[in-house]
Amino acid sequence: MNKLALGTFIGMTMALVANVRSIPTMSAAGWLQITFMIFAVLFFAWPVTAIAGELSTLLPGEGGPQLWVKKGLGERWGMVTAWLLWAMMFAGMVMVATGLWPMLCIAFGRPELTGDIFYSMICVLVLYWIITILNLNFNMAKIGGNIGVWLGIYIPAVMIFVLGIAVAFKIGLNPLGGLDVFSFAKLVPNIADMSSLKYLVAIAFIFTGIEISSVFIPQLENPVKNYPKGLMAALIAMVVINLANGLLVANVVPKGTLELANVAQPVLIACQILGLPTIIANIFAFMVFIGVMLQLSAWVTGPARSMTQVAREGLFPAWFNFHKVNKFGVSKSVIFAQSIGISLFTLLYVVIGNVNAVFLTLTNVTAVVYSIAYIFIAIAIVKLRYDMPNAERAYRIGKSGNGLAILYAVLLIASIVGMTAATLSTTAMHDVIIIVVISLVLFFAPLVIYAFKKPSWKERIDADLKK
């Protein structure tokens with residue numbers, strides 16, 4: 001089998017986390033996005049990928065994070081990890097889909113409707129259920145995966161960058177934009193006003209999912225040397241790309257008017273500043289709309305498969321039917337449960353009543369739930385270092401001893417706790433309550449199910465699978 005070259009691995013890793021949806025959130029932090037991004041890489045993304053790299057080669061079987069935690073901490077916590085990585089989709093999918101309505105508005109020349117809370121909610125509901133029905137009848141991941149990446153990420157990112165550069169050349173530092181004249185003091189949060197910290201978790205969330213790059217280790221040339229080298233190169237490239245676009249957008253959009261869920265907003269404003277026809281923004285918005293639709297469609301079935309695996313181990317009641325799959329290997333019961341959960345999360349539009357606040361709350365809920373799973377993974381690597389000290393690892397953190405692995409685990413847990421605390425302390429109290437309550441419900445739900453686990457579940461499931 002041909003081995004992956006270092007350059008190919010770097011490109012594949014970047015593709016896993018590339019997106020344009022995070023650019024407005026980056027921009028909202030102003031010059032502080034530089035500090036937040038560096039912090040996210042050093043204390044979050046790097047430890048996550050290094051830990052995943054070792055665990056994926058130690059335990060290469062199907063299951064990924066669920067298997068790692070199950071081997072390290074036991075069946076109960078393996079189930080909780082799988083559940084969390086699935087349940088975070090409830091908030092995550094609504095968060096991503098929140099950008100669809102603004103894209104439709106700008107694509108069809110009605111930008112004044114982008115912030116309408118009612119239409120945003122209806123748009124998410126209707127389009128997600130269309131995606132659900134399509135996924136149950138076609139292999140949408142195969143049909144739209146590659147097209148979605150180009151339309152939803154690569155081409156839009158280049159357009160934002162080129163237009164942002166053109167604006168910077170024409171007017172320099174925009175006096176109406178979200179950036180003031182640079183000073184090193186602006187790289188440090190203002191003690192008197194720490195409100196910008198609410199964007200810290202959202203910026204770190206850009207890198208969630210990057211641990212999946214560890215699946216390429218068995219195919220990589222000289223993984224011991226090339227995995228950390230390629231990983232660092234990919235992270236540096238991601239930092240440069242995100243920061244460049246984030247700073248350019250902050251310079252384009254007038255201060256206080258940034259729409260977090262509307263990545264087409266800076267394109268429309270740039271066209272006005274440069275005297276370009278607004279059809280450029282219309283085309284941009286339509287491409288992103290199609291791209292995000294295809295990406296959402298490709299994501300629908302991914303985490304759902306892990307729930308099917310957990311169900312087949314007898315950890316869910318047989319009547320859930322999570323263990324049964326269609327001809328595409330997808331459980332209709334899991335997909336429908338997922339879609340109902342996502343539909344319930346759209347009610348946050350009504351509860352919160354502001355698209356920006358809904359987007360940021362959903363981002364933070366998704367990040368918190370995902371991060372709980374990361375904490376289990378961090379604990380698991382330390383436990384497995386002592387439980388399986390002599391097991392073969394194609395990639396290992398540190399040449400000898402357990403010190404570096406423990407340090408990475410501690411850094412990851414500390415950064416998650418610190419970022420979450422910083423975010424919650426600078427978020428409106430009613431939004432904090434929403435984030436905490438949702439996170440606790442999603443965390444304890446699998447524990448309640450596990451507490452009632454019965455041998456008869458597994459017996460009936462095995463019988464169904466033999467038919």
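At what angle do the axes of helix α5 and helix α14 cross? Keep that in mind while you set up the view. You're looking at a predicted model, in which local features need pLDDT of at least 70, side-chain atom pairs count only at pLDDT 80 or more, and totals for chains, interfaces and linings use all residues. Residues are numbered from 1 along each chain as its sequence is written, and side-chain values use heavy atoms, with hydrogens and water left out.

**Stop 1: two helices**

Select residues 75–97 for α5 and 332–345 for α14; their axes cross at roughly 45° and come within 8 Å. Axes here are lines fitted to C-alpha atoms, for helices over the stretch in contact, with angles from 0 to 180 degrees between N-to-C directions. Helices are DSSP runs (H or I, at least four residues), numbered from the N terminus. The angle makes α5 oblique to α14; oblique is what's left after roughly parallel (under 35 degrees), roughly antiparallel (over 145) and roughly perpendicular (65 to 115).

Now show side chains. On α5, pick W86, M89, F90, A91, M93 and V94; on α14, pick V334, A337, Q338, G341, I342 and F345. Contact means heavy atoms within 4.5 Å.

**Stop 2: the core**

F345 turns up again here: along with I51, L100, F207 and F316, F345 has the most contacts inside the largest nonpolar core, a set of 156 residues. Such a core is made of buried Ala, Val, Leu, Ile, Met, Phe, Trp, Tyr and Cys residues joined through side-chain atoms within 4.5 Å. Buried means under 20% relative accessible area, exposed over 50%, and partly exposed in between (1.4 Å probe, protein chains only).

Centre on F207. Not counting residues up to four places away in sequence, F207 touches V17, M37, A40, V41, A45, L235, M238 and V239. Then select W31, L179, L187 and A250, which are among the five residues of a second, separate core.

**Stop 3: the loop between α9 and α10**

Go to I217 in this loop. Is I217 buried or exposed? It's buried, at 1% relative accessibility. G53 is 164 residues away from I217 in sequence, yet the C-alphas are 7.2 Å apart. Beyond four places in sequence, the contacts of I217 include G53, S56, T57, Y227 and Y395.

Next, click N222, also in the loop between α9 (200–204) and α10 (223–252). N222 is partly exposed, at 42%, and its phi is positive, near 45°. Most residues other than glycine have a negative phi.

**Stop 4: one more asparagine**

Finish at N321, in the loop between α13 (302–312) and α14. N321 has a positive phi of about 60° and is partly exposed, at 24% relative accessibility.
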